[in-house]
Amino acid sequence: MSTIGIRGTFFDFIDDPWKHVGKEQDAARFHKDGLLVVTDGIIADFGPYERVAAAHPGIVISHIKDRIIVPGFIDGHIHLPQTRILGAFGEQLLPWLQTWVYPEELKYKDRDYAREGVKRFLDALLASGTTTCQAFTSSSPVATEELFEEAARRNMRVISGLTGIDRNAPAEFIDTPENFYRDSKRLIATYHNKGRNLYAITPRFAYGASPDLLKACQRLKHEHPDCWVNTHISENPSECRGVLVEHPDCEDYLGVYEKFDLVGPKFSGGHGVYLTNGEFRRMSKKGAAVVFCPCSNLFLGSGLFRLGRATDPEHRVKMSFGTDMGGGNRFSMIQVLDDAYKVGMCNNTMLDGSIDPVRKDLAEAERNKLSPYRGFWSITLAAPKASTSTTSSATSRPARKPISSRSIRTAARSPSRGISRSPPRAAGRARSRKRPTCFSA
Ligand code: GUN
Ligand code: ZN
């Protein structure tokens, strides 16, 4: 047994700052002079130096001065095989995938190319302070194998899985549902829960998935209920419209994943820019997570994620943050927070009522403000809760009641945010068929 101590200045979280409106520091823990005791790689003790040192006489202590030590960052949504095309110019999501992404990811069939790419990817993550990620790979198993192997050598925590697509991509890039099922099974048997590796059943997105591919995912989830499910959801308007054309029997984007029983406490959907209030509510009830990817949503021009709406206590959704590199042009979670702050402020231009008094919602505007506490919590303690908790955040009781939109709203209710399957005129007709799902009542 080997025990070491690290002495220095520490900052981390013990609770969710969104539950401590006006007193967010109550959610955090700061030791100007602290000691972390680690036994065989596991934290054995932590606290003020005087107390902890006295309890562990004789251990070897490294003293790190003039730094603040924080937990490793968690990237909830990133793409391994896009490392070499980060920053690709000039396209929104669907043409960007066709022009830049699929041709590059195809190269990861080659083991040497994949191995070198994995090293650069993990080096870049660690250089940015990220020690855990949930990563997409590619449609051939080589990239997934190489990622899990190298992550294990580095003792990093990686959640990943073969990234399935059988529609709307070049013929040489797509897979069949049968191959996807067979290869996923083998990869789960080899890598899930081996060391720190965890497996996510990964349909790339509903726009690239036939019902048969999603059925294969459903079967995998049924046979391996402890695996994660990782995908994209409601990122871009053209994509959202395309999903409803590909899956015409589904009411909305989330409905596609629900139809195949994929939405539950281990589900993460990246982006969620165009989720309606009704979809947020359903995700919240099922304990599913959304991953906020502001660098990517800005870089690809996808839109502004409604942070203050996702965190409404009436239907709060579990949330982690991600770079979505290479849609995001950064590896750094600090830059994710920087852009997330700006997205919240842009959203608030509508919510202060100065443009449209009907949309004034001061409570949502408050939740849109990503304070440093909310930000750092989101990329450390919150992220494992988003990807591992089995209880819905909707059921957990806040320490101090956060302000809900309903409780202080003075103007009319928020209008719809969802994407219709047809052009605007028809959209009005489609919506009038049923009760809007996106009102907050
Ligand atoms: N939707 C499907 N594939 C992708 C991808 O690679 N990146 C992003 N941002 N969205 C996607
Ligand atoms: Zn993505």
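Gly 326 sits in the loop between strand E13 (318-321) and helix H12 (333-351). A cis peptide bond, with omega about 0°, joins Met 325 to Gly 326. The model is predicted: local features need pLDDT of at least 70, side-chain atom pairs count only at pLDDT 80 or more, and totals for chains, interfaces and linings use all residues. Residues are numbered from 1 along each chain as its sequence is written, while chains are lettered from A and ligands numbered from 1 in the order in which they are written. Helices (H or I, at least four residues) and strands (E, at least two) are DSSP runs, numbered from the N terminus.

- Most residues other than glycine have a negative phi, and most peptide bonds are trans.
- Asn 155 has a positive phi, near 60°, and is not a glycine.
- Asn 155 lies in the loop between H4 and strand E7 (157-161).

**Ligand 1**

- The shell around ligand 1 holds His 79, Leu 93, Leu 97, Val 101, Arg 204, Phe 205, His 232, Glu 235, Ser 296, Asp 324 and Gly 327.
- A residue counts as near the ligand if its C-beta atom, placed from the backbone, lies within 6 Å of it.
- Helix H2 (residues 93-106) supplies the largest share of this shell, three residues.
- By class, the shell has four nonpolar, four polar and three charged residues.
- Ala, Val, Leu, Ile, Met, Phe, Trp, Tyr, Cys and Pro count as nonpolar, Asp, Glu, Lys and Arg as charged, and the others, Gly among them, as polar.

**Helix pair H5 and H6**

- H5 (residues 177-191) packs against H6 (residues 211-223) at an angle of about 20°, with the axes 9 Å apart.
- That angle makes H5 roughly parallel to H6.
- Axes are lines fitted to C-alpha atoms, for helices over the stretch in contact, and angles run from 0 to 180 degrees between N-to-C directions.
- Angles under 35 degrees count as roughly parallel, over 145 as roughly antiparallel, 65 to 115 as roughly perpendicular and the rest as oblique.
- H5 and H6 cross in the right-handed sense; a crossing is right-handed if the near helix is turned clockwise from the far one by less than a right angle, and left-handed if anticlockwise.
- Pro 177, Phe 180, Tyr 181 and Ser 184 of H5 meet Asp 212, Leu 213, Lys 215, Ala 216, Arg 219 and Leu 220 of H6.
- This contact of H5 with H6 has six nonpolar, one polar and three charged residues.
- Two residues are in contact if their C-beta atoms, placed from the backbone, lie within 7 Å.

**Helix pair H3 and H4**

- H3 (residues 111-127) and H4 (residues 141-154) pack at about 45°, with their axes 9 Å apart.
- That angle makes H3 oblique to H4.
- The crossing of H3 and H4 is right-handed.
- From H3, Arg 111, Ala 114, Arg 115, Val 118, Lys 119 and Leu 122 meet Val 142, Ala 143, Glu 146, Leu 147, Glu 150, Ala 151 and Arg 154 of H4.
- The contact of H3 with H4 divides into seven nonpolar, no polar and six charged residues.

**Four-stranded sheet**

- Four strands form an open sheet with mixed pairing, in the order E3-E2-E1-E4.
- Strand E3 (42-48) and E4 stand at the edges with a single partner strand each, so one side of each has no neighbour in the sheet.
- Neighbouring strands of this sheet are turned by 30° against each other on average, direction ignored.
- Two strands pair if DSSP finds at least two bridges between them.
- E1 (residues 3-13) and E2 (residues 28-39) pair antiparallel over 10 bridges.
- Asp 12 has Arg 29 in E2 as its bridge partner.
- E1 and E4 (residues 60-69) run parallel, joined by six bridges.
- Gly 5 has Ile 61 in E4 as its bridge partner.
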